[in-house]
Amino acid sequence: MGNSENVIQIRPMSTDDLDAVLAIDSNIRKAGKVVTYAQTTTEEILSTLSHFSRTAQPSSYVEFVTRDMLGRIDYSFVAEHNGEIGGFIVGRIRGPNEEEQEARVGEILIVGVLPEYRRRNVGTRLAMALLDSFRSGGIEQIVMLVDPRDKHLLNFCDHIGLKPSRLIEYAMTL
């Protein structure tokens with residue numbers, strides 16, 4: 001077996017990883033490598049999922065860490081190498097609710113991998129961990145929204161087995 005110092009471990013995300021995850025998101029944005037997520041940051045996604053905000057009052061942040069966030073990162077993973085987080089993936093399960101008659105669906109919300117961890121199967125391994133987690137939770141369908149101009153993310157989706165769906169999402173900003 002190879003040297004353990006070279007092993008990149010994929011593991012479930014914990015609240016202790018949030019600063020590193022947000023730093024990766026910031027790093028990728030500064031490099032200008034964001035197309036699909038150009039208008040939505042990882043912090044905004046986590047905030048939407050769990051009412052998390054770095055500007056929240058300390059008491060709400062404590063509530064976020066101890067209650068809200070723990071359930072929201074159940075479907076999120078990080079890639080760690082020698083104590084450094086080099087990548088992450090955030091997912092969630094949506095539906096059904098009272099309005100939806102469809103089955104529950106696994107959704108990949110955002111993926112981020114530092115440049116020095118790319119081309120090392122980190123993104124693929126993160127996605128496979130998430131897909132395995134969805135599968136073990138009884139999820140049979142996975143979705144991910146991707147900007148059609150985002151060639152890197154489109155290639156990633158194809159590589160992990162996601163294909164374009166029949167539906168096109170239409171949206172409007174009010």
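**Opening question: residue E169**

Is E169 buried or exposed? With a relative accessibility of 56%, E169 counts as exposed; the term exposed applies over 50% relative accessible area, buried applies under 20%, and partly exposed applies in between (1.4 Å probe, protein chains only). E169 belongs to the segment after α5 (151–160). Helices (H or I, at least four residues) and strands (E, at least two) are DSSP runs, numbered from the N terminus. The C-alpha atoms of E169 and L145 are separated by 8.8 Å, and these residues are 24 residues apart along the chain.

**Basis of the report**

This is a predicted model, in which local features need pLDDT of at least 70 and side-chain atom pairs count only at pLDDT 80 or more, while totals for chains, interfaces and linings use all residues. Residues are numbered from 1 along each chain as its sequence is written, and side-chain values use heavy atoms, with hydrogens and water left out.

**Surroundings of D17**

D17 lies in the loop between β1 (9–12) and α1 (18–30). Its relative accessible area is 5%, so D17 is buried. Leaving aside neighbours within four places in sequence, D17 is in contact (heavy atoms within 4.5 Å) with R11, P12, V78 and I85.

With R11, the side chain of D17 makes a polar contact, side chain to side chain, at 2.8 Å. A polar contact is a pair of N or O atoms within 3.5 Å; within protein, one must be able to donate a hydrogen and the other to accept it, and residues adjacent in sequence count only if both atoms are side-chain atoms. The side chain of D17 also reaches the backbone nitrogen of S14, at 2.8 Å.

**The loop between β4 and α4**

R119 is located in the loop between β4 (105–113) and α4 (122–136), and N121 is found in that loop as well. The phi of R119 is near 65°, a positive value in a residue other than glycine. N121 is not a glycine either, yet its phi is positive, at about 65°.

R119 has 87% relative accessibility and therefore counts as exposed. N121, with a relative accessible area of 48%, is partly exposed.

**An aromatic pair**

A pair of aromatic rings is described by the distance of the centres and the angle of the planes. Rings of Phe, Tyr and Trp (its six-membered ring) pair if their centres lie within 6.5 Å; planes under 30 degrees apart count as stacked, over 60 as edge-to-face and the rest as tilted. A search of the whole structure finds 1 aromatic pair. This pair, Y75 and F134, is stacked, with 5.3 Å centre to centre and 25° between the planes. It links distant parts of the chain, 59 residues apart: Y75 is in the loop between α3 (58–72) and β2 (76–81), and F134 is in helix α4. Both Y75 and F134 are buried.
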